[in-house]
Amino acid sequence: MKTIKTFVAVAALSVISFGSFAQSVTASASTLSAAEAQIAAQAQQTGSSYKITEANFNNGVHMTAELTK
């Protein structure tokens, strides 16, 4: 029984630690380039890389990205 509890505790902690390395950020601008530049600046400030996950075009650009370390 003790090994099961230990395994569950280790699994829970590993999920939490992996989740802390990813952060979702957004940017709004009039062009794709300007929105991506904002995302890139946010990534650079945190020392992270980024992956754009969404971009919408409605009277401007709204972009979402995931920052990972």
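Q: How is the numbering done, and what are the pLDDT limits here?
A: Residues count from 1 along each chain as its sequence is written, and side-chain values use heavy atoms, with hydrogens and water left out. The model is predicted, so to speak of local features requires pLDDT of at least 70, side-chain atom pairs count only at pLDDT 80 or more, and totals for chains, interfaces and linings use all residues.

Q: What is the strand order in the sheet?
A: The order is β1-β3-β2, an open sheet of three strands with antiparallel pairing. Strands (E, at least two residues) and helices (H or I, at least four) are DSSP runs numbered from the N terminus; two strands pair if DSSP finds at least two bridges between them.

Q: Which strands stand at the edges?
A: β1 and β2 (49-57) do; each has a single partner strand, so one side of each lacks a neighbour in the sheet.

Q: How many bridges join β2 and β3?
A: Eight, in the antiparallel sense. N56 has H62 in β3 as its bridge partner.

Q: Where does α2 lie?
A: Across β1, β2 and β3, at about 145° to β1. Axes are lines fitted to C-alpha atoms, for helices over the stretch in contact, and angles run from 0 to 180 degrees between N-to-C directions.

Q: What does I39 touch?
A: Leaving aside neighbours within four places in sequence, I39 is in contact (heavy atoms within 4.5 Å) with V25, T26, A27, Y50, M63 and A65.
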